Amino acid sequence: MSLFANEMSDAHKDSDIPSPAVIPRKIQAVANSAIADDNVWQWIHDVASSSPVQPIVNLGTGFIDHNPPTYLIEAHKAALESVDSNQYAPVPGSDALKEAIAEIYSPLYGRALNPVTEICITSGAQEGLLSSVMSFVQAGDEVILLEPVFAMYVYQVKMAGGTIRYVPLRPPKEAETKTVSGDSWTIDIEELEQAITPKTKMVYLNNPHNPLGKVFTRAELLAIGNLCVRHGLVLLSDEVYERIVFPSNSSSPQVSHTRVASLSPEIASHTLTAVSLGKLFNATGWRVGFVIGTEALMRPVIATHLVLAYSSSGPAQDACAVGLREAERSGWWETNALDVGARIGKLCGMLDDIGLTYVRPPSAWFVFVNIDNLRLPEEYTYPSLVTVEGTRDWKVCYWLVQEFGIASIPGSCFYGPENKVLGQRYLRFGACKSNEGLEMAMQRLQQLRPHIETLE
Ligand SMILES: Cc1ncc(COP(=O)(O)O)c(C=O)c1O
């Protein structure tokens with residue numbers, strides 16, 4: 001039934017609505033259908049809701065099931081009482097928030113950020129990334145994405161009309177049988193340079209990385225940044241997990257996050273950095289993020305943002321202005337990173353316990369789990385989409401939802417067509433769960449024991 005059924009008179013039944021096939025070709029949304037074609041998020045949602053095992057333990061999406069800090073919620077309530085906050089925020093963002101960002105981030109970037117010309121508040125980092133790519137990429141241009149890749153980048157580049165060239169991060173050999181750190185996946189800079197053509201306009205970087213949790217080293221960032229300078233490319237650096245880097249523990253050494261735009265004035269002049277206050281404050285529903293860059297890069301981004309979103313939520317921006325200062329004062333970043341690290345640690349402990357290997361993330365919310373030694377039943381019926389998609393990870397993903405009520409994301413979804421084979425050995429699990437959610441995950445994962453082969 002149509003979502004809009006209750007708004008329609010009897011004269012307009014679903015059956016009266018022409019199917020896409022009879023819509024004149026010239027007005028069919030060709031670009032949009034190509035974007036939605038491989039939309040795994042919707043598929044997981046559908047499969048999970050129809051699974052006989054309920055409730056589902058949703059380890060698939062990055063849905064955080066606990067609240068932002070109290071001071072942020074209180075600041076939002078206060079902002080809702082203010083007439084100014086409730087109306088359109090200025091296009092590039094609320095002055096209070098941009099000033100707080102300039103104050104806090106200038107030392108981190110090693111230069112004085114101009115809050116008027118060099119910062120734009122966007123509707124989540126997602127819209128900041130989209131505004132950036134729409135500003136610099138058009139039909140015929142090429143954009144380089146590093147695999148595994150956050151699927152939204154693919155849709156964004158397609159939406160801008162660009163062509164994608166993929167360059168994979170490569171795991172170390174021992175990742176085939178052992179748990180390794182996300183940091184041990186590396187980029188071959190020569191391979192990256194070879195992917196650059198005269199049509200290349202942009203390189204997306206995700207640091208810290210989803211789904212590996214990799215925090216790129218200074219040397220890697222210098223190499224990538226200098227390549228962009230040398231070839232005159234925009235480096236679009238998605239740093240939504242920048243403050244969620246875990247402290248060291250017995251299994252992981254301390255890593256620290258470097259902002260690529262802080263490495264040199266030349267790299268800064270080629271870089272747009274996107275940050276998500278939703279991710280950093282557990283407030284993803286507020287849709288507040290921002291983009292930082294030099295004025296020359298930001299002018300088109302702000303213009304595109306005006307067209308795409310006009311401005312983002314006024315009360316949420318004003319609350320974030322208060323929240324950012326309080327987070328700095330109270331040490332929230334460290335507290336939150338510890339908290340996320342503990343949840344990730346619990347999930348990793350469960351995987352160790354049942355004998356699955358994985359990519360141990362030094363940051364962010366996700367664990368890339370190796371499914372090589374998870375045995376599927378010989379005879380099992382999969383829906384046609386899974387059989388058509390073909391890769392093993394989709395089968396394992398479907399089976400886990402149907403039989404154990406565990407939702408995850410197939411690893412091949414983080415790869416372009418040529419390298420899917422690299423991703424089919426993995427599923428992405430998210431640890432952004434409450435303690436009860438993780439407890440339930442533990443019980444469900446235990447049931448996998450009889451299906452796991454011991455690796456030598
Ligand atoms: C790597 C990455 N970038 C961007 C986003 C979107 O961030 P926001 O919620 O601020 O739009 C996400 C969300 O999951 C993400 O994982």
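Tutor: With the domains, whose bounds come from an automatic or database domain assignment. The model is predicted. On that assignment, domain 1 is 17–66 + 334–451 and domain 2 is 70–330. The centres of domain 1 and domain 2, taken over C-alpha atoms, are 24 Å apart.

Student: How do you know which residues belong to the contact between domain 1 and domain 2, and how many are there?

Tutor: Two residues are in contact if their C-beta atoms, placed from the backbone, lie within 7 Å. By that cut-off, domain 1 contributes 31 residues and domain 2 contributes 34 residues. On the side of domain 1 that touches domain 2, the elements giving two or more residues include helix H1 (30–36), helix H14 (332–354) and helix H17 (420–423). Of these elements, H14 gives the most, with 6 residues.

Student: What is the make-up of the side of domain 1 that touches domain 2: how many residues are nonpolar, polar and charged?

Tutor: The division is 20 nonpolar, 8 polar and 3 charged. Gly is counted as polar here.

Student: What makes S13 and strand S14 a pair?

Tutor: Two strands pair if DSSP finds at least two bridges between them. S13 and S14 (residues 426–430) have 2 bridges and run antiparallel, so the pair meets the criterion. Ile-409 stands opposite Arg-428 in S14.

Student: Why are strand S5 and strand S13 called edges of their sheet?

Tutor: The open sheet of 5 strands has the order S5-S10-S11-S14-S13, with mixed pairing. S5 (180–181) and S13 (409–410) each have a single partner strand, so one side of each lacks a neighbour in the sheet.

Student: Which strands does H14 touch on that sheet, and what angle does H14 make with S11?

Tutor: H14 packs on the sheet against S10, S11 and S14, and its direction makes about 10 degrees with that of S11. Helix H16 (residues 392–404) also packs on the sheet, touching S13 and S14, at about 45 degrees to the direction of S14.

Student: What is the strand order in the sheet of 7 strands, and why do S2 and S4 count as edges?

Tutor: This open sheet, with mixed pairing, has the order S2-S9-S8-S7-S6-S3-S4. Strand S2 (119–122) and strand S4 (163–168) each have a single partner strand, so one side of each is left without a neighbour. The twist averages 20 degrees from one strand to the next.

Student: How do you know that strand S3 and strand S6 pair?

Tutor: The criterion is at least two bridges. S3 (residues 142–147) and S6 (residues 200–206) are joined by 3 bridges and run parallel, so they count as paired. Val-143 stands opposite Met-202 in S6.

Definitions and conventions. Residues are numbered from 1 along each chain as its sequence is written. This is a predicted model: local features need pLDDT of at least 70, side-chain atom pairs count only at pLDDT 80 or more; totals for chains, interfaces and linings use all residues. Helices (H or I, at least four residues) and strands (E, at least two) are DSSP runs, numbered from the N terminus. Axes are lines fitted to C-alpha atoms, for helices over the stretch in contact, and angles run from 0 to 180 degrees between N-to-C directions.
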